[in-house]
Amino acid sequence: MPTEMPPGTVGNLTAEQEAKLQEFWVLLLKVFGVNLDALESTKEAAPQENKKERKRRFGLFGKGKDKDHEDGTASEKSAEAVTTTLASINVSEGDDKYGQSKEFQQTLADMSPEEIRTAFWTMVKHDNPDSLLLRFLRARKWDVQKALVMFISTLRWRLMDVKVDDDIMKNGEPHALKQSQSSDPTEKKAGEELLMQLRRGKSFLHGVDKSGRPICVVRVRLHKAGDQSPEVLDRFTVYTIETARMMLAPPVETACIIFDMTDFSLANMDYSPVKFMIKCFEANYPESLGVVLIHKAPWIFSGLSSFLNWKPYVLTSFRAGIWNIIKGWLDPVVAAKVHFTKNVKDLEEFIPRDRIMKELEGDENWEYKYVECEPDENKTMEDTAKRDQLLAERRELGKEIQDATISWIAASSKGDKDAVATAKDKRKDLIERLRVQYWQLDPYVRARSLYDRLNVIQGNGKIDFYSAETMSKGNAASSQ
């Protein structure tokens, strides 16, 4: 398990990076409609020698427009502030691979500040909100405007497009089981297709690599495009990614993915889900990939020129290999994280041999086996009164963190080191309370998954892939 925080993450920020994080918070709070008069007053009161720094830090902040509306309501002032500061933010077409600038502006038009704020704190879950924002800042090379556009469009994607928290994670695997028993043919087919992928183990999460990153194994040989609809496959993909996110604990912020290409053939090739997965990681889960291992790729995938020189009749589309086509769709930063492994020795560069499954020629005696949903495993979700109480507590904690964030930024603007230290300590305590509180809320808002049944996700943020219960179920599968 790594002990050092990677550069650009919470606990390892340069002064400039911390200032960028504060800029991001200012804009985000403005989107939320939060009253930022306290920060406006610090700009006026700050010493003259800090003028240059103040301009850099709050240059994206509104230009005092709120003062023209002192007699208006708070909501009117917030709306004016959002419009003034954000209406002109756009990302140039060359930097907008997924059309996020348009989605950003559409979100501001369609959703109220309070709706966006609620979506944000729902997205945070057990994460440190600073860590979440820093992912987007790093992905956009510390350009605050681009990070904001990316982040708000991601909120929209989660809330409106795929309904991550209100459907996929809330309903989970029991929903697919219920669908599979439906008299409606369309519903029945969708449920059966999702369950088929889970039961066969097309992709699954197990173990950690040398850097403590959770490992996701994708058995490419088990995929055929006609086995499920694109909508079901997209749902399965998001469900897997979001479940993996539940297994991240500081200082680990990324995952390891193994694409096991054993027995791969053209019948397994399907570009649509590949494009969807790339979009997910580049646009909606930035800085979440630690390493991607393409294991035992055949020549038809990797395009080994030495082999193709012997086969002049091979179709032109295969001369460069499938990988070179996919590589052209990837951001260079993501592409640099991809490594080809041929055998268990290559895998050992990233994963200890005793944590490599026997299926991948390692020493770990564990095999994937799907454990079916239990009848009353989501009984807790029926207690809506307790759920609403916990959600109300979470809203209040979110507001306290917002207030503490404003105090932190204000103290930084004044150059008051003691006040900065006090504000940071308070924020740290509140953020830890938010993390603990999420795990109290979790059983009321997220359906139990395979990894809850295997006791991998143990509550209060504890993750253990190697518990006796998990390993015994794996060993039982191996002996069958």
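Visitor: What does contact mean here, and which residues is Tyr 451 in contact with?

Guide: Contact means heavy atoms within 4.5 Å. Leaving aside neighbours within four places in sequence, Tyr 451 is in contact with Phe 204, Leu 205, Thr 243, Met 247, Val 456 and Ile 457. Bear in mind that this is a predicted model, where local features need pLDDT of at least 70, side-chain atom pairs count only at pLDDT 80 or more, and totals for chains, interfaces and linings use all residues. Residues are numbered from 1 along each chain as its sequence is written, and side-chain values use heavy atoms, with hydrogens and water left out.

Visitor: Why is Arg 158 called buried?

Guide: Buried means under 20% relative accessible area, exposed means over 50%, and partly exposed is in between (1.4 Å probe, protein chains only). Arg 158 has 4% relative accessibility, so it counts as buried. Arg 158 sits in helix H8 (residues 144-161); among the residues it touches beyond four places in sequence are Asp 165, Glu 242 and Tyr 285.

Visitor: And what makes Glu 361 partly exposed?

Guide: Its relative accessibility is 40%, so Glu 361 counts as partly exposed. Asn 455, with 26%, is partly exposed too. Glu 361 has a positive phi of about 75 degrees without being a glycine, and Asn 455 has a positive phi near 65 degrees.

Visitor: Why are H18 and H19 called roughly antiparallel?

Guide: Helices are DSSP runs (H or I, at least four residues), numbered from the N terminus. Axes are lines fitted to C-alpha atoms, over the stretch in contact for helices, and angles run from 0 to 180 degrees between N-to-C directions. Under 35 degrees counts as roughly parallel, over 145 as roughly antiparallel, 65 to 115 as roughly perpendicular, and the rest as oblique. Helix H18 (residues 384-414) and helix H19 (residues 417-445) pack at about 160 degrees, their axes 9 Å apart. That makes H18 roughly antiparallel to H19.

Visitor: How do you know that the length of H11 is close to what is expected?

Guide: The expected span is 1.5 Å times one less than the number of residues. Helix H11 (residues 230-245) has 16 residues and reaches 23 Å from its first C-alpha to its last, close to the 22 Å expected. H11 is also mostly covered, with 13 of its 16 residues buried.

Visitor: What is the peptide bond from Pro 250 to Pro 251, cis or trans?

Guide: That bond is cis, with omega near 5 degrees. Pro 251 lies in the loop between H11 and strand S3 (255-260).

Methods:
Helix = DSSP H or I, 4+ residues; strand = E, 2+ residues; numbered from the N terminus.
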